[in-house]
Amino acid sequence: MKPVDFEYERPVALEDALTLLAQPGARVLAGGQSLGPMLNLRLAQPALLVDITAIDALQVASQENGALTLGACVTHTAIEDGDLPDVTNGAMASVARDIAYRAVRNRGTIGGSLAHADPAADWLTCLSALGAEVIAAGVAGERRIPVASFVGGAFETTLQPGEMLRAVSVPALSDGAKWGFYKFCRKEGDFAEAIGAVLQDGETARTVLGATNGAPLVIDGSYSDDAVRAAIDAQPDMDAYDRQVHFIAAKRAAMIAGVRAA
Ligand SMILES: Cc1cc2nc3c(=O)[nH]c(=O)nc-3n(C[C@H](O)[C@H](O)[C@H](O)COP(=O)(O)OP(=O)(O)OC[C@H]3O[C@@H](n4cnc5c(N)ncnc54)[C@H](O)[C@@H]3O)c2cc1C
């Protein structure tokens with residue numbers, strides 16, 4: 001199948017992109033790794049595609065008040081290769097390295113991954129666990145949304161019509177932060193069946209289960225098997241296999257973080 005006819009614009013200024021996105025039927029194009037197939041299958045039928053990859057401001061990283069702000073068009077490869085500053089003691093580079101395969105990582109962007117809101121996307125779980133925020137922009141201004149509440153369900157975000165994801169703000173981890181990330185995939189490069197992420201950094205502690213049927217499941221507080229089991233048991237749409245594989249993903253993440261013994 002071929003896409004429906006659509007207009008195409010590739011602005012170089014963020015303000016121009018936001019003006020274009022205010023038009024009815026306009027949609028952002030970033031790396032095209034998910035949107036390309038969606039267009040071909042006519043799951044997406046935009047009137048206008050606004051390609052944001054020529055906007056320099058979306059490719060850069062900056063550090064302020066201990067947080068790292070990554071532009072929406074930063075690719076998985078740029079993070080994997082350490083081309084940008086890192087405030088996560090290598091946690092993000094390690095997650096990037098295991099996303100799909102290199103050709104996808106070269107084009108796929110952190111903003112596109114979050115905005116697509118596939119429950120199995122690695123950044124959704126990783127950045128929820130790190131306590132990152134999305135910076136959404138529209139013609140009316142900007143707002144910040146914690147990644148953990150940015151996603152309402154599978155392929156659903158809280159972006160409003162005309163808004164785009166401009167950047168992601170990632171808080172810095174301390175040198176002593178404990179971090180673990182583990183995912184089950186049928187084969188290397190596949191989307192995950194279950195993801196566990198565990199952070200313990202001073203008073204900040206959370207466990208996140210990803211690749212659920214909806215938004216990531218965030219469990220606040222220090223890692224505990226019982227808390228993870230209770231959170232999983234409260235999910236009505238998980239079968240016995242799903243429950244076990246998510247529990248083991250979280251447990252292995254906790255072991256990697258060093259907050260749980262084998
Ligand atoms: C074969 C394959 C395997 C993959 N495996 C994995 C994997 O293991 N783990 C994983 O996490 N991901 C995986 N992905 C997803 C990939 O890593 C990309 O992150 C993802 O495709 C979306 O990023 P993109 O930049 O290509 O966005 P696009 O495809 O351009 O856009 C995706 C959606 O997000 C919207 N969008 C994009 N950017 C913005 C923005 N800044 N603001 C608002 N809306 C926006 C678009 O309108 C579209 O609806 C895989 C993809 C492929 C093709």
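1. Leu-18 counts as buried because it has 20 C-beta neighbours inside 10 Å. The cut-offs are as follows: a residue is buried if 20 or more other C-beta atoms lie within 10 Å of its own, exposed if 12 or fewer, and partly exposed in between, with C-beta atoms placed from the backbone. Leu-18 is found in helix H1 (residues 14-21). Helices (H or I, at least four residues) and strands (E, at least two) are DSSP runs, numbered from the N terminus. Leaving aside neighbours within four places in sequence, Leu-18 is in contact with Ala-137, Gly-138 and Val-139. Two residues are in contact if their C-beta atoms, placed from the backbone, lie within 7 Å. From Leu-18 to Gly-214 there are 196 residues in sequence and 28 Å in space, C-alpha to C-alpha.

2. On the basis of these values: this is a predicted model, in which local features need pLDDT of at least 70 and side-chain atom pairs count only at pLDDT 80 or more, while totals for chains, interfaces and linings use all residues. Residues are numbered from 1 along each chain as its sequence is written.

3. On the chain as a whole: the chain has 10 helices and 14 strands. For 262 residues, a compact globule would have a radius of gyration near 18 Å, and the chain has 18 Å, which agrees. The radius of gyration is taken over C-alpha atoms, and the globule rule is 2.2 Å times the number of residues to the power 0.38. Taken along the principal axes, the C-alpha atoms fill a box of roughly 55 × 40 × 35 Å. Of the 262 residues, 41% are buried. Among contacts with a separation of 6 or more, 61% come from residues 24 or more positions apart.

4. On the domains: the domain assignment gives domain 1 (7-51), domain 2 (56-171) and domain 3 (178-257). These bounds come from an automatic or database domain assignment. The centres of domain 2 and domain 3, taken over C-alpha atoms, are separated by 20 Å. Their contact takes 21 residues from domain 2 and 19 residues from domain 3. On the domain 2 side, helix H4 (91-97), helix H7 (122-130) and strand S8 (151-153) each supply at least two residues. H7 gives the most to that side, with seven residues. By class, the side of domain 2 that touches domain 3 has 13 nonpolar, seven polar and one charged residues. Here Ala, Val, Leu, Ile, Met, Phe, Trp, Tyr, Cys and Pro count as nonpolar, Asp, Glu, Lys and Arg as charged, and the others, Gly among them, as polar.

5. On the ligand: 30 residues surround the ligand, and the closest are Gly-31, Gln-33, Ala-100, Gly-108 and Gly-112. A residue is near a molecule or strand if its C-beta atom, placed from the backbone, lies within 6 Å of it. The elements giving two or more residues to this shell are strand S2 (26-29), helix H5 (102-107), helix H6 (110-116), H7 and strand S10 (164-171). H6 gives the most, with five residues. The shell divides into 16 nonpolar, 11 polar and three charged residues. Domain 1 (7-51) and domain 2 (56-171) both give residues to the shell around the ligand, so the ligand lies between them.

6. On backbone angles: Ala-100 has a positive phi of about 45° although it is not a glycine. Ala-100 is in the loop between H4 and H5 and counts as partly exposed because it has 16 C-beta neighbours inside 10 Å. Ala-211, also not a glycine, has a positive phi of about 60°. The place of Ala-211 is the loop between strand S13 (204-210) and strand S14 (217-220), and with 25 C-beta neighbours inside 10 Å it counts as buried.

7. On helix H10: the 18 residues of H10 (residues 240-257) should span 26 Å at 1.5 Å a residue, and the end C-alpha atoms are 26 Å apart, which agrees. The expected span is 1.5 Å times one less than the number of residues. Buried residues of H10 include His-246, Lys-251 and Arg-252. The buried residues of H10 pack against strand S11 (178-184), strand S12 (194-201), S13 and helix H9 (225-233). Just after H10, Gly-258 takes a positive phi of about 85°.
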